[in-house]
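Let's take a walk through this protein model together. Have the sequence and the 3D view ready, and follow along as we go.

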Amino acid sequence: MFKKVVIFVILIVVVFAPLTSAVEYKDEYTLSYNVGPNFPWGIGARYFSDLVRERTNERINIKAYGGSSLAAGQQTSVFMMVRNGSIDMALESTINWSPQIKELNLFTLPFFFNNYEEVDAVENGEAGQYMLDKIERFGIVPIGWGENGFRQITNNKRAIHSPEDLSDLKYRVVGSKIFIEIFQELGSNPLTMNWGEATTGFQQGTVDGQENPVNSVLIPLKISEFHEYMTVWDYVIDPLLIGINADVFNSWTEEDQEIVKTAAKEALTFEKMLVRYELDDGTAKEYIDEMITSGRDLGYAEDFLASWELEDGSNHPYKYLEEQGMKINILTAEEKAEFKAQTRGVYDKWKDIIGQNIVDKAESDIETAE
Ligand code: X2X
């Protein structure tokens, strides 16, 4: 009997050992992001991959590719490529994934979000969870929220105070339907372009203007070289997400999955604070300044801040752009109300497309957090 048990145990070990040992790891994993390495997305991607490499003792090596180059610049194709495994993971704007995950258009409902507290409440609340679950059902494991920021408009013709000021201007927008509809409803002429073509469009004057967040894109892009006017209207918020192909994620040990998740949270909090630097109530600056002096080498983030330092050594995004020759106007409450009223049709239409249930969830997330 004893002999039989021993043989049985040996058999079990021999047959199942290959299944229980970890699946082979790849030498390198690809991560896609849109825009360049010196932009906060690039900095976030680098910080994330550094943390993962260190904490997994180089078991997981992530190589980040900017400019959506893994998708030949087609930023709205990245979701499908992570899904089918041709890219392992992405640090991506919710706008670029919104053609596939319609709920992500919640962030682009015109004038829905009023401040960062509301954005955080929705990301960390039921509405945010609903979106993450939906992404996961598509075979991508989302592991944390970062940020591109509230998107502002710039152009080379005039300051924008009312929808009429926009009416004869050509605007570059991302290839996502809701953007086209918002600009059309405002009487303007939107043109869809991938980010990779947009700068050429500004240089050659194919378009008069564009919309993007300040710290995250406009400052590192040096928008003042193309456009003289910026209008702060905070009309939509643009979060980022890190999402990993589910087969890749599941090929890692549980311990490594936890390391990757924690690294994403830390790197994305850092990235989020960088894009809110001097645009919030002071929390972001305090956080970043403390991190930079904490001993860890975050030289790439220091270089980013140094690239838009004012003469007195401080950083302020609007003052900096003004020093670069831009004219900046922040919409008054009355001016904003006019834009909000004029885009109400898009809001109502998209509320139905996104789903009333998720809009309700978002509203209650915001109320609960207050
Ligand atoms: O294309 C844009 O405008 C950008 C860089 O903000 C996004 O990827 C959404």
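Predicted model: local features only at pLDDT ≥ 70, side-chain atom pairs only at ≥ 80, totals over all residues.

Residues are numbered from 1 along each chain as its sequence is written, and side-chain values use heavy atoms, with hydrogens and water left out.

Rings of Phe, Tyr and Trp (its six-membered ring) pair if their centres lie within 6.5 Å; planes under 30 degrees apart are stacked, over 60 edge-to-face, and the rest tilted. Count that way and you get 21 aromatic pairs. For F107 and F113, the ring centres are 5.7 Å apart and the planes sit at 20°, so this pair is stacked. Y116 and F150 make a tilted pair, with 5.5 Å from centre to centre and 50° between the planes. Y116 belongs to helix α5 (residues 116-123) and F150 to strand β4, so their pairing ties together parts 34 residues apart in sequence. (Helices, H or I of at least four residues, and strands, E of at least two, are DSSP runs numbered from the N terminus.) Y116 is buried at 11% relative accessibility, and F150 is buried too, at 8%.

Now find I237, in strand β9 (residues 237-245). With 1% relative accessibility, I237 counts as buried. Setting aside residues up to four places away in sequence, I237 touches F107, F113, V119, E147, G149 and F150; a contact means heavy atoms within 4.5 Å. E181 is buried, with a relative accessible area of 18%. Beyond its neighbours within four places in sequence, E181 is in contact with V346, K349 and W350. Which residues of α8 are buried? They are I178, F179, E181, I182 and F183. Their cover includes α4 (94-97), β4 (140-155) and α17 (344-354), among others. After α8 comes G187, which has a positive phi near 85°.

How values were computed: Buried < 20%, exposed > 50% of the residue type's maximum accessible area, 1.4 Å probe, protein only.
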